[in-house]
Amino acid sequence: MTDTSPPAAPPIAPRRRLSFAWLGIVPFALFVGLFLIAPTMKIVIGAFQRADGSFTLENLAGLFTPSILSSYWISIKISVASAALGALIGFLMAAAMVLGGLPRFIRAPLLTFSGVASNFAGVPLAFAFLATLGPLGLVTVWLRTEFGINLRAYGFNILSFWGLTITYIFFQIPLMILIITPALDGLKREWREAAQSLGASAVQYWTSVALPILFPSLLGTFALLFANAFGAVATAIALTGSSLNIVPIMLFAQIRGDVLGNPHLGYAMAFGMILITALANILYIWLRMRSERWLK
């Protein structure tokens, strides 16, 4: 018997409703747009403008004057030194915590402190180091009165290259601990056991297995620490003032409105800083993606 009933109508697709969950990111989007994207665009556009708004490349050409090139070079050296020392010390501390057999109760306080200390910068950090290692700082006076050790006589000055580098290390080490700890957690126990079963020593395991796997994470974190130090402004200005010729201090002098200042040259200097930090962050993201393939 032939079925003569009409064919069933196709199911009606449910209408999509606009999710109000998107409203939750509106404040964040406004914050990013007003305080990150808009100022960055103003800097980029201002770097290619004269005071009357016309297009020019003179501001970028001004970056190649000896004083500005010297400030960039000093800033790069401070960033490299603080990133290298922070990465080394932070890696050793994280490795001792994750793989060194330290008590487990140490991990939570150390990570909590690292989360706080990695964001401790600016005027409070500068004041803390001046009060500790400044000319009349607590440690400086204690070493001079108790042991006859004069730090200034040995060439140490908190307002110098190494003084600012040591200050930056305070927030570089905790940031390194926070970032490298997940990578150390990703090292599988089977890799160490396989290396030991093949007769590898602890040094051979680290040099032939662990460090090659961690190398993208280490190099990427170094790039991030470099960008973190290179973009630090408030700490450098509060600690050294005008005694150290670095980019943030020269940039501040150009844009603060003095009669000798050139705001558009300051925009060009800020544009150069944006390019350098952007390259460092891109390198970090790329190396981070490569390391995650091994550590999943």
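UniProt positions are given here in the numbering of this structure, feature names are shortened, and annotations may be inferred rather than shown by experiment. With that in mind, the unreviewed UniProt entry places the feature "transmembrane region" at residues 20–38, 78–100, 120–143, 155–183, 203–226, 233–253 and 265–287.

The model is predicted: local features need pLDDT of at least 70, side-chain atom pairs count only at pLDDT 80 or more, and totals for chains, interfaces and linings use all residues. Residues are numbered from 1 along each chain as its sequence is written, and side-chain values use heavy atoms, with hydrogens and water left out.

Take two of those spans. Residues 20–38 are 68% helix and 0% strand. Their end C-alpha atoms are 26 Å apart. Residues 155–183 are 79% helix and 0% strand, with end C-alpha atoms 39 Å apart. Helices (H or I, at least four residues) and strands (E, at least two) are DSSP runs, numbered from the N terminus.

Now go to helix α6, residues 138–147. Threonine 140 sits in this helix. Is threonine 140 buried or exposed? It is buried, because its relative accessible area is 3%. Buried means under 20% relative accessible area, exposed over 50%, and partly exposed in between (1.4 Å probe, protein chains only). What does threonine 140 touch, leaving aside neighbours within four places in sequence? Its contacts (heavy atoms within 4.5 Å) are Thr132, Leu133, Gly134, Pro135 and Leu151. A polar atom of the threonine 140 side chain lies 2.9 Å from the backbone oxygen of glycine 134.

Next come the rings. Rings of Phe, Tyr and Trp (its six-membered ring) pair if their centres lie within 6.5 Å; planes under 30 degrees apart count as stacked, over 60 as edge-to-face and the rest as tilted. The count by this rule is twelve aromatic pairs. One of them joins tryptophan 142 and phenylalanine 147: the ring centres are 5.1 Å apart and the planes stand at 80 degrees, so the pair is edge-to-face. Tryptophan 142 is partly exposed, at 45% relative accessible area. Phenylalanine 147 is exposed, at 52%.

Phenylalanine 226 and phenylalanine 230 pair in another way: their ring centres are 5.8 Å apart and their planes are at 15 degrees, so this pair is stacked. Both residues lie in helix α9 (residues 202–230). They are four residues apart, about one turn of the helix. Phenylalanine 226 is buried at 12% relative accessibility, and phenylalanine 230 is buried at 2%. Elsewhere, Phe48, Phe55 and Phe271 form one aromatic cluster.

Key: A polar contact is a pair of N or O atoms within 3.5 Å; within protein, one must be able to donate a hydrogen and the other to accept it, and residues adjacent in sequence count only if both atoms are side-chain atoms.
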